[in-house]
Each structure stands twice: as C-alpha cells, then as structure tokens.
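Welcome, and take a moment to look over the model below.

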Amino acid sequence: MENYINQLNDAQRAPVLHKDGPLIVIAGAGSGKTRVLTYRIAYLMSKGVDSFNILALTFTNKAAREMKARISAIVGSSEAKNLMMGTFHSVFAKLLRYDGDKLGFPSNFTIYDTQDSQRLIASIIKEMGLDKDIYKYKQVQNRISSYKNSLITVRAYFNDAELQEADAMAKRPRMGDIYQNYVDRCFKAGAMDFDDLLLRTNELLNRFPEVLAKYQDRFRYILVDEYQDTNHSQYLIVKALSDKFQNICVVGDDAQSIYSFRGANISNILNFQKDYDNVEMYRLEQNYRSTRNIVNAANSIIAKNKNQLEKVVWTDNDDGNAIKIHRSPTDAEEGRFVAGSIFENRMQHQMSNGSFAVLYRTNSQSRAIEDALRKRDIPYRIYGGLSFYQRKEIKDVLSYLRLVINPKDEEALKRVINFPARGIGQSTLDKLTVAANHYGRSIIEVIENLDKINLKINSGTKNKLVDFTNMIKSFQIMNETTDAFTLAEHVAKKTGILLEFKKDGTPEGIARMDNIEELLNGIKDFVEGQKEIDGATGNIGEFLEDVALATDLDNDTGDDDRVALMTIHLAKGLEFPYVYIVGMEEDLFPSGMSMNTRSELEEERRLFYVALTRAEKQAYLTYTQNRYRWGKLIDAEPSRFLEEIDEKYVENLTPIDKPTYRYKSLIDTDIFGDVDKSKLRQVKPTNGIPPITSKPSENQLRKLRKLKPELAQPIGNTNTIDPNLVEGSVINHTRFGRGRVVKLEGVGNDRKAEIQFESAGLKKLLLRFAKLDVI
Ligand code: ATP
Ligand code: MG
C-alpha cells in the first residue's frame, strides 16, 4: 500500500480521516473534493470496512471507473472488487433488478431511453385522439419527467388540484390521463424509463421496510460526489439509505450547481446540516488544478453572484498566462482560430490532442469547430449529441436484442416487427395495440393468443406474426448457451437487417452497415472485458444494461488521442491543460432563454465558472461578430461575462479599437439625461440606446436613427481586418491570392471592395468577411 495520505494537504486529510457520522465538504473548483472522496474510500477500507458495505455515487460511470482504479491501486484490486460505484441510475437499476419484482417488474425489465419514452408518448397522444400541436410529445415527456423527479405519482397528481389546474391553464387538461396511460403502458411492457429508476427505488424503499433495512445494512458508508446537482428523488434515496448509520459523506460546490433545469436542487447542499445530526463541515481552499490567473479570474466572476456561500479559493501554482480573448468576424472564422491555435499550441508545447477541450453552451455550435478541425486534420471526439446507440440502424439491432431479453418491450417490438419489411402493416399493428390495451396485456401476449381472440387479421398476416414470434423464441433459446457477440451477429444476419442495408447500396446504406459492424466490434470488446469480471457472463442482458445506462461521457475508451468537444454541462468535474470556451456572446452565453430572472442569470454565471475552472494552463474565450443561427446571419454582441472578468487577468488578442461610431459622442449630448456617464458601459440597450463600447445591432441603429439621425452614421469601418485599405492597395487573400483594390464602397457592415486578382479575376468582396492582408 502506498502512503497515499501524504498526497493530501491538511485540509483534505481531515475529511478523509473523519470518523463515523455525517460530513460535508464544500469547496471551490479544483480543490480536491473528488480526490478526498476517493481517498476516503481507500482509507475506510484500510481501516477494515468491507468494500461490500460502501456505496459511492458519481456524475458519470467513467468517473466511477477511474475512482475504482485509483482505489484498487491503493488497497489492491481484489479488495476493491465489491465496491458499489456508479451513477445514481446505474446503481439503482441494479438494485431494482433484484427487488423490482416486489413492485411487479420482472428482473429483465427494459430501460427505455428518452427516445423510447417520446415515441410511446407520441403514440398515446395519437391513440387518445388529442391534438398533437397542443400536446407536443417532447413537452409532455418533459412534464412527466419532472413529476417523477418530484415524486408526484399518478395518484398524487390526481389528488393535487393545483397541478391539474396548472395543466388545464396551459391548455392541457388531459395531462393526467396521458401520464396514467404512459405509466400503465411502461408497466405492461416491463419497462422503466430513466426517471423510474429513481422513482421506483423510492417506492421500493418506502413500501417495503425489509428491503430498506437490507440496503441500509449493506450500504453502511455512502459517499456522493457533485452533491449540489442531486434532484429531489435522488436526495430522498440517499436520505433513506443513510438513515440508520448516518455514515454519509457528500462533497460539492454550490457555485457549480448547473442542472436546475433537470430538477437539481441547490438547497440539498445548503440544507445538509439540517438533515442530519452532528454534521461535520469541511472546507478546502487550495486549488491544485489551475494557474493563479485562472483561479483569480474565476473568483472574480463568481463574486458577481449574490446567492452563494462564502468561499475562498487560492493556489500556489504559477501565475500562468492571462486568459486570452479572441474576436472573429463569423463562426466559421472562430472555428479556424480555435483549430489554428490548437495546432500551434500542440507543436510549440509538445501537447497531445487530448490536452485540449473545446466547450460550448449548445450542441449545435460544434459544427463550425468540427469543420475547422477536420480541415487541419486534428482528430477530435464529440461528446453528447445523438449518441451512437441512438442511430436508427443501431437501435434496430438493439431492439431485436431487447426483445430476446424482454419480449413484452413494446417500443422495441413496434420498431422491428416490420423491419426489415415482412408484410405486417400499420393497420395490423394498430389492431394489436387496441387489443393489448383492451386486455391489459402486452402486444406479444396478444400475438401468442391470436387463436383465442377474435381479431380481424387475415390468416396470411397471422402466419407472419407467428413466424416473427418464433424467430424471437429461437433467439431466446440460443441466448441460453451463447455470449452477447455470437448472438448479436446471428441476429443481425438472421433478421435480414444487414442484407437490407447492403441491398440499399447507397453511401448511406453502406455507412449504416459499417455502424452495425462497429456495434458488433463493441459487443465483442464488451464480452472480452466481462470475462475478467467475477460473476459476469458477457451475455446480452449485461450488454444492454451497460448501453442503456451509459452517460454521454462513458463511451470514451480513452485509447485514442483526440481533442474533446462537449457542452459545458458535460464537462463538470473534468480538467484539461487547454480549454477553449467558444461563443461568448449575448443570447448564446448567457443563453437568451435564461436571462429573464436573476436566478437564471446566476445559473448561467455558474456555468461560466464551471467552464473556466476546467482549464489547467491556459483558457481562451472566443466570440464572433456575426453568427449563423436558425439559418440566418445575425449580429452578435460580446457576452456580458467577458466584461465581468477582472481585466487584470485577461489579454485581448484582437483589441477592440476605439469605438469608431460617431454615436460615441452621444455621451456628450443630453440623450442620457441624468445617467451617471461612467456607468454607461453597463447600460443595456433597453432604452433604445446602444451601449457605447460595442457595435450596435441593426435594430438598435434603426432606433438610434430615429432618435438622432445625424449621430447614427458610423464614421468609418469597424472592420478590424483592413483599417488601412485604400483604393490601389495590394492585398493577399487566403483563397484568391494577390490582387489590387480597384474600388471601395459602402460603410460599416456593408463595406465592400472590388478587387482585381492576378489569377482569380475581378471579385467584389464584403470586407467584414474577407480574409485578406494588405501587403
Ligand atoms: P471540481 O470542483 O472541478 O470537481 P475537485 O474539487 O473535485 O474539482 P479534484 O478533481 O479532486 O478537484 O482535484 C483537482 C486536481 O488537483 C486533480 O488533478 C487532482 O489530482 C489534483 N489534486 C488535488 N489535491 C491535490 C494534492 N493535495 N496534491 C496534488 N494534487 C492534488
Ligand atoms: Mg470533482
């Protein structure tokens, strides 16, 4: 055993060595909370606590695996074998497989992903004859999800007049009925959605005291990372399980609470001391992750939030470079800058690709970055977005496999009963669904009893249905004696799916075939891996569970070296030497949808704090002047967060020229009345007057023109690329090469140059986009 205790500072050592009883560690980013949690587990085990009695809950399964590897290195891998570690969802799915039968669920229940839930809800809305423009399935799914996370069961819903009234006011009076239907259908299909994994666990622990007692006795030590982002349902589970021994250790940072839109409740961390007796609170202050500049800059941002616990974060690390801010004319240019900068840093500092992360507020921003990285041949990986397992062809294969494990799985059945086409049409499926609802059975049970019930289905179709169920049965028999890979390969061939895409012959069809091959490779790897785990068999049930509960970060095997692209939400808890935060613009970050209330804005600011504190050596913040959004080129304004960082810690790579708009002189007019002029930078353009230091949008200019026409004309060009361009200038353009400016016209955004290129001929270019240098 290495002397791991020496790898902790005094403040960290105290919670690691804490004796029994509840403790909370509240500390800023990078101060070693996760390290404390990991080492505490190792410490408990070295003091004789059986790994079987420890439960640790993490933000991703990958984090759990890494922790376990670390603990194994300290205490030995056979010792660590029985540790129960993972996300809330994956841990409690396991528990429900043992004890879910008490709630009427089979141990082989299917886990519906969001897509399955949404499809089921869409079909319920249709079957109920409701207007799909009012009952939008995604909104309905969201709503049901939030009921479940607040532990509002169907019964509770119908007992709550206020809730019903709220839905009626939102013109959705049938919400409760949809909810009821959805729950019934999941139950009949032997399926749980993600929220059920928590809700049903709560139900199990509440209704069955002997089950609660069993798990209380087993999980004598419970540890939770990222406690600030637990939702109510998760909170109650932890509370119930730790109630007997009260050996509960939570770590978190209220300044990093960023999931309130999913029901995470910051008060869980704030109330911890009230929830348990004799809580010991620990604080860590030293940041080990980042340079002093980054730490101080992050502190200066979060200080702007009113609602937060007082916290000190400092570091002994070097000052490092200033945080670099870069402006580009467009999002494509922003991508080029990021790719170019990664390229240079990689060369100059001999860094691997994996040392770089590009973080953004929304998934759709990744495209421009990807394009630029591809052009530079820089390998990257995108996390989140549509995952591999959600692609059509992959879900098709997985649906067959799901039916092998649980033939009642309605969503899987509906997906593949007629794919590849085998003459079972929609009207047949509709009849089966109606009958299934009528008898309170699953569709497969209806098919198995076709001869006993009178359904208007012709005998040819009946035979096809029977063939289908026989095929599934043959897979089930095979499954008893074979591993996941052999079965999956057989299924892909036997069902005709592979052939279907091969016949297709289009590049798309070929790509789909490749993906299925990739899936089979993945299953093979999985089977090999499982063989090493005690008690695991590598069968298809184990594989499906692994896939269903993989979080967006978990698919990273880490064996190839790539730049990471992900949303800030996903980056929580991670660290990278170089971090690029792109799209630092108003309406994007902070998001336009989160600027209505102070608390929404504070959550955006916490998100910015999380983003910046991922960086170890160097952070870049980039923004654009124009960005394509919703298919339109819009004027973008720099994010207010850029101004909020103490300027001591930043360096502008693209200095903002003295404002060249004549309306600057508005400061000297009476337009602003009594406003304190030194505060003008902070005046937001709500009163029709643009802020002074940034470029006004077209809309603002229009208002201004009305207000003071003589002041609304820009003096000159704000384009930073060509301040010295005159007619006759010789220039070099990145694409068209050398040329001479023949004519200049227009002002501001409309400024254009007619350029005679040596080889490309005469071209008229809009200067705000033109990539050219004056020679
Ligand atoms: P976050 O709030 O982002 O989740 P955290 O508080 O969980 O951060 P860790 O990830 O545990 O912080 O630690 C940040 C980095 O500092 C890690 O690379 C960790 O290995 C390192 N570190 C933590 N404590 C020490 C220490 N005492 N000595 C050396 N390195 C340390
Ligand atoms: Mg952490």
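Let us begin with a pair of helices: the axes of helix H25 (residues 497–504) and helix H26 (residues 507–531) come within 7 Å and cross at roughly 150°. Angles over 145 degrees count as roughly antiparallel, and H25 and H26 are therefore roughly antiparallel to each other. Please keep in mind that this is a predicted model.

**Helices H25 and H26**

- H25 and H26 cross in a left-handed sense.
- On the H25 side, the contact is made by Leu498, Phe501, Lys502 and Asp504.
- H26 brings Gly509, Arg512, Met513 and Ile516 to this contact.
- Sorted by class, the residues where H25 meets H26 are four nonpolar, one polar and three charged.

**Helices H16 and H28**

- Helix H16 (residues 292–302) and H28 have axes that come within 9 Å and cross at roughly 175°.
- That angle makes H16 roughly antiparallel to H28.
- To find the contact from the H16 side, look for Ile294, Ala297, Ala298, Ile301 and Ile302.
- These H16 residues meet Arg605, Phe608, Tyr609 and Leu612 in H28.
- The contact of H16 with H28 has eight nonpolar residues, no polar ones and one charged residue.

**Helices H7 and H11**

- Helix H7 (residues 137–149) packs with helix H11 (residues 194–207) at an angle of about 25°, and their axes are 9 Å apart.
- Angles under 35 degrees count as roughly parallel, and H7 and H11 are therefore roughly parallel to each other.
- The crossing in which H7 passes H11 is left-handed.
- Ser145, Lys148 and Asn149 of H7 make the contact with Asp195, Asp196 and Leu199 of H11.
- By class, the contact of H7 with H11 is made up of one nonpolar, two polar and three charged residues.

**Domains**

- The protein chain is divided into domain 1 (1–103 + 198–286), domain 2 (110–189), domain 3 (323–387 + 556–652), domain 4 (388–549) and domain 5 (729–774).
- Between the C-alpha centres of domain 1 and domain 3 there is a distance of 31 Å.
- Domain 1 gives 12 residues to the contact between these two domains, and domain 3 gives 10 residues.
- The side of domain 1 that touches domain 3 holds five nonpolar, five polar and two charged residues.

**Around ligand 1**

- Ligand 1 is surrounded by 19 residues, and the closest are Gly32, Lys33, Thr34, Arg35 and Tyr288.
- Helix H2 (residues 33–46) supplies the largest share of this shell, with three residues.
- In terms of class, the shell around ligand 1 has four nonpolar, 10 polar and five charged residues.
- Domain 1 and domain 3 each provide at least three residues of the shell around ligand 1.

**Backbone features to look for**

- Phe419 and Pro420 are joined by a cis peptide bond, with omega about -10°.
- You can find Pro420 in the loop between helix H20 (410–416) and helix H21 (426–439).
- A cis peptide bond also joins Phe589 and Pro590, where omega is about 10°.
- Pro590 sits in the loop between strand E15 (576–581) and helix H28 (598–612).
- Asn278 is not a glycine, yet Asn278 has a positive phi of about 55°.
- The loop that holds Asn278 runs between helix H15 (272–275) and strand E8 (280–284).

How values were computed: Residues are numbered from 1 along each chain as its sequence is written. Chains are lettered from A and ligands numbered from 1 in the order in which they are written. This is a predicted model: local features need pLDDT of at least 70, side-chain atom pairs count only at pLDDT 80 or more; totals for chains, interfaces and linings use all residues. Axes are lines fitted to C-alpha atoms, for helices over the stretch in contact, and angles run from 0 to 180 degrees between N-to-C directions. Helices (H or I, at least four residues) and strands (E, at least two) are DSSP runs, numbered from the N terminus. Angles under 35 degrees count as roughly parallel, over 145 as roughly antiparallel, 65 to 115 as roughly perpendicular and the rest as oblique. A crossing is left-handed if the near helix is turned anticlockwise from the far one by less than a right angle, and right-handed if clockwise. Two residues are in contact if their C-beta atoms, placed from the backbone, lie within 7 Å. Ala, Val, Leu, Ile, Met, Phe, Trp, Tyr, Cys and Pro count as nonpolar, Asp, Glu, Lys and Arg as charged, and the others, Gly among them, as polar. A residue is near a molecule or strand if its C-beta atom, placed from the backbone, lies within 6 Å of it. Domain bounds come from an automatic or database domain assignment.
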